[in-house]
Amino acid sequence: MAHFAELDENNNVIRVIVVNNSELLNEAGEEKESKGIGFCKVLYSHENWVQTSYNHSFRKQYASSGGSYDPENDIFISPQPYPSWSLDENHDWQPPVEYPILEEGDNSRYYWNEENQSWDLIIE
């Protein structure tokens with residue numbers, strides 16, 4: 001099965017749909033993204049579609065609603081987890097404070113506290 005992301009005018013992902021691989025086949029029996037895009041356009045009457053990979057084998061990662069598509073780098077970017085986080089050079093979201101470094105055998109877990117801009121220990 002193939003997956004296609006519907007994008008708005010700002011390249012934000014609206015939704016991801018599943019398309020049967022047979023819809024991507026050209027006359028030579030080869031899968032072509034353009035055939036899948038054409039199928040999506042007819043089916044949903046929307047013009048802006050990009051294929052995404054459920055296995056993350058191309059375009060960096062699987063598209064998700066709330067995420068975006070960067071046409072310059074031909075990648076999908078996941079939704080920003082918190083307002084304070086920023087994209088790094090690899091297009092991954094990074095917190096303003098690094099996750100605590102754990103020593104071997106330390107099974108502590110932390111969660112991001114946006115209000116305090118800190119990693120807080122999860123007490124179990």
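Me: Trp-85 and Trp-112, buried or exposed?
Reply: Both Trp-85 and Trp-112 are buried. Keep in mind that this is a predicted model.

Me: How do the rings of Trp-85 and Trp-112 sit relative to each other, stacked or edge-to-face?
Reply: Edge-to-face, because the planes are at 80°, with the ring centres 6.0 Å apart; the cut-off for that label is over 60 degrees.

Me: And where in the chain are Trp-85 and Trp-112?
Reply: They link distant parts of the chain, 27 residues apart. Trp-85 is in the loop between strand E5 (75-77) and strand E6 (86-87), while Trp-112 belongs to strand E8 (residues 110-113).

Me: Which residues are in the cluster with them?
Reply: Ring pairs join Trp-85 and Trp-112 with Tyr-82, Tyr-99, Tyr-110 and Trp-119 in a cluster.

Me: How many aromatic pairs is that over the whole thing?
Reply: The count is nine aromatic pairs. One of them is Tyr-54 with Tyr-62, which is edge-to-face because the planes are at 85°; the centres lie 5.3 Å apart.

Me: What's the exposure of Tyr-54 and Tyr-62?
Reply: Tyr-54 is exposed, at 55% relative accessible area. Tyr-62 is partly exposed, at 25%.

Me: OK, switching to the sheet. What's the strand order in the three-stranded one?
Reply: E2-E1-E3, an open sheet with antiparallel pairing. Strand E2 (13-19) and strand E3 (49-52) are the edges, each pairing on one side only. From one strand to the next, the twist averages 30°.

Me: How many bridges join E1 to E3?
Reply: Four, with strand E1 (residues 2-7) running antiparallel to E3. Ala-5 stands opposite Val-50 of E3 there.

Me: Which helix packs on that sheet?
Reply: Helix H1 (residues 33-44), which touches E1, E2 and E3. The direction of H1 makes about 130° with that of E3.

Me: So what's in the largest nonpolar core?
Reply: Eight residues: Ala-2, Phe-4, Ile-17, Val-19, Leu-24, Ile-37, Cys-40 and Trp-49.

Me: What does Trp-49 touch, beyond its neighbours within four places in sequence?
Reply: Among its contacts are core members Phe-4, Ile-17, Ile-37 and Cys-40. Trp-49 also contacts Ala-5, Glu-6, Arg-15, Lys-41 and Tyr-44.

Me: And the second core, how many residues?
Reply: Seven, including Val-13, Val-50, Ala-63 and Tyr-69, and that core is separate.

Notes:
Residues are numbered from 1 along each chain as its sequence is written. This is a predicted model: local features need pLDDT of at least 70, side-chain atom pairs count only at pLDDT 80 or more; totals for chains, interfaces and linings use all residues. Side-chain values use heavy atoms; hydrogens and water are left out. Rings of Phe, Tyr and Trp (its six-membered ring) pair if their centres lie within 6.5 Å; planes under 30 degrees apart count as stacked, over 60 as edge-to-face and the rest as tilted. Buried means under 20% relative accessible area, exposed over 50%, partly exposed in between (1.4 Å probe, protein chains only). Helices (H or I, at least four residues) and strands (E, at least two) are DSSP runs, numbered from the N terminus. Two strands pair if DSSP finds at least two bridges between them. Axes are lines fitted to C-alpha atoms, for helices over the stretch in contact, and angles run from 0 to 180 degrees between N-to-C directions. Contact means heavy atoms within 4.5 Å. A nonpolar core is a set of buried Ala, Val, Leu, Ile, Met, Phe, Trp, Tyr and Cys residues joined through side-chain atoms within 4.5 Å.
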